[in-house]
Amino acid sequence: MSRIDGLFERLRGEGRTALIPFVTAGDPSPDVTVPLMHRMVAAGADLIELGVPFSDPIADGPVIQRATERALAAGVRLRDVLDMVRTFRAENATTPVVLMGYLNPIEIMGAEIFAAEAAAAGVDGTLVVDVPPEEAAELAGLLRPYGLDLVYLLAPTSDAERIARIGGVASGFVYYVAVKGVTGAGNLDIDGVGAKLGEIRARIPLPVGVGFGIKDGDSAARVAAVADAVIVGSAIVERIEALMDEPGAIPDAVAGFLGGLRQAIDQADQHKVLA
């Protein structure tokens, strides 16, 4: 059983919702990322989504675009991200890590080389934003022998046919984008999210994480009421950006924010059990 499958099976048995933070690897400097990953786990993160810096992040809003630019300026590339995961694994063998990024860096490295090196480093899966399910067979076929999950995005505009098609190639979990637009945009319509998750679950048996638009404990708790995982990115990256001149303060600041989210999610989970 993969780390991702094991995590969601355990949380399901405990009646708990996963907390998945996103950070861009190497932002604001490479030496911050691994300590930050450890602090996020200590604060209650169940799975870490690690952004791979890329020069044209079309799915990301300005906050994460700036983070990517900072990481690229610091010289961070895909191999450096794998090294960060490898270093993280020296002390943490259990928390799943999913890379989020774009196809170009993988193609430059070579998809099969990437799969082998990612697995060796301790990566559990990847979300490749610009690989549609119609073109995913080759990549999925290369990842699968190495035990790497291919995570997919679903949107409010995804129709039944699209959901079913993604269900045919996705593994680990699926990531529902709760608002239309790029990361950091829009406001949550939790009733709409709940209805869409019902449609997704009718066609895909995987856990469903919800992200985009989660900014505080209240929004995290509302998402936890309907989702298997709460995914938060831009709100974390904003805090990192605010402390660029004090990088040593970043892990504690992010951990404090995640701790508040974890508490709100746990309270929402308790209400679900009692309901």
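Accessible areas are computed here by the Shrake-Rupley method with a 1.4 Å probe, and for residues only the protein chains shown count as cover. On that basis the protein chain exposes about 11,200 Å², of which carbon and sulfur atoms supply 51%. The model is predicted: local features need pLDDT of at least 70, side-chain atom pairs count only at pLDDT 80 or more, and totals for chains, interfaces and linings use all residues. Residues are numbered from 1 along each chain as its sequence is written, and side-chain values use heavy atoms, with hydrogens and water left out.

**Overall architecture**

- The protein chain has 12 helices and nine strands; helices (H or I, at least four residues) and strands (E, at least two) are DSSP runs, numbered from the N terminus.
- The radius of gyration of the protein chain is 17 Å, close to the 19 Å that the globule rule gives for 275 residues, so the chain is as compact as a globular protein of that length. This radius is taken over C-alpha atoms, and the globule rule is 2.2 Å times the number of residues to the power 0.38.
- Along the principal axes, the C-alpha atoms of the protein chain fill a box of roughly 50 × 40 × 35 Å.
- Of the 275 residues, 53% count as buried; buried means under 20% relative accessible area, exposed over 50%, and partly exposed in between (1.4 Å probe, protein chains only).
- Among contacts (heavy atoms within 4.5 Å) with a separation of 6 or more, residues 24 or more positions apart account for 73%.
- The mean positions of the 23 positive and 37 negative charges are 4 Å apart. Lys and Arg count as positive and Asp and Glu as negative, while His and the chain ends are not counted; each charge is placed at NZ of Lys, CZ of Arg, CG of Asp or CD of Glu.

**Aromatic pairs**

- Rings of Phe, Tyr and Trp (its six-membered ring) pair if their centres lie within 6.5 Å; planes under 30 degrees apart count as stacked, over 60 as edge-to-face and the rest as tilted. By this rule the count comes to three aromatic pairs.
- In one of them, Phe-8 and Phe-173, the ring centres are 5.9 Å apart and the planes stand at 45°, so the pair is tilted. Phe-8 lies in helix α1 (residues 3-14) and Phe-173 in the loop between α8 (160-167) and β7 (174-177), so the pair ties together parts that are 165 residues apart in sequence. Both Phe-8 and Phe-173 are buried.
- Another pair is formed by Tyr-175 and Phe-212, whose ring centres are 5.9 Å apart with planes at 85°, so the arrangement is edge-to-face. Tyr-175 belongs to strand β7 and Phe-212 to the loop between β8 (208-211) and α10 (217-224), so this pair ties together parts that are 37 residues apart in sequence.
- Tyr-175 is buried, and Phe-212 is likewise buried, with a relative accessible area of 8%.

**Backbone features**

- Most residues other than glycine have a negative phi, and most peptide bonds are trans.
- Phi of Phe-212 is near 75°, a positive value in a residue other than glycine.
- A cis peptide bond, with omega about 0°, joins Asp-27 and Pro-28. Pro-28 lies in the loop between β1 (18-24) and α2.
- Helix α2 (residues 30-42) has as its buried residues Val-32, Thr-33, Val-34, Leu-36, Met-37 and Met-40. Just after α2, Gly-44 takes a positive phi of about 120°.

**Helix α9**

- Lys-196 is found in helix α9 (residues 190-201) and counts as buried at 10% relative accessibility.
- Apart from residues up to four places away in sequence, Lys-196 touches Ala-155, Pro-156, Ser-158, Ile-163 and Tyr-176.
- Arg-201, also placed in helix α9, counts as partly exposed at 36% relative accessibility.
- Neighbours within four places in sequence aside, Arg-201 is in contact with Val-208, Val-226, Ala-227 and Asp-228. The C-alpha atoms of Arg-201 and Ile-163, 38 residues apart along the chain, are separated by 9.5 Å.

**Tyr-146**

- Tyr-146 is placed in the loop between α7 (137-143) and β5 (149-150) and is partly exposed, with a relative accessible area of 35%.
- Beyond its neighbours within four places in sequence, Tyr-146 is in contact with Glu-112, Ala-115, Ala-116 and Ala-119.
- The C-alpha atoms of Tyr-146 and Met-84, 62 residues apart along the chain, are separated by 19 Å.
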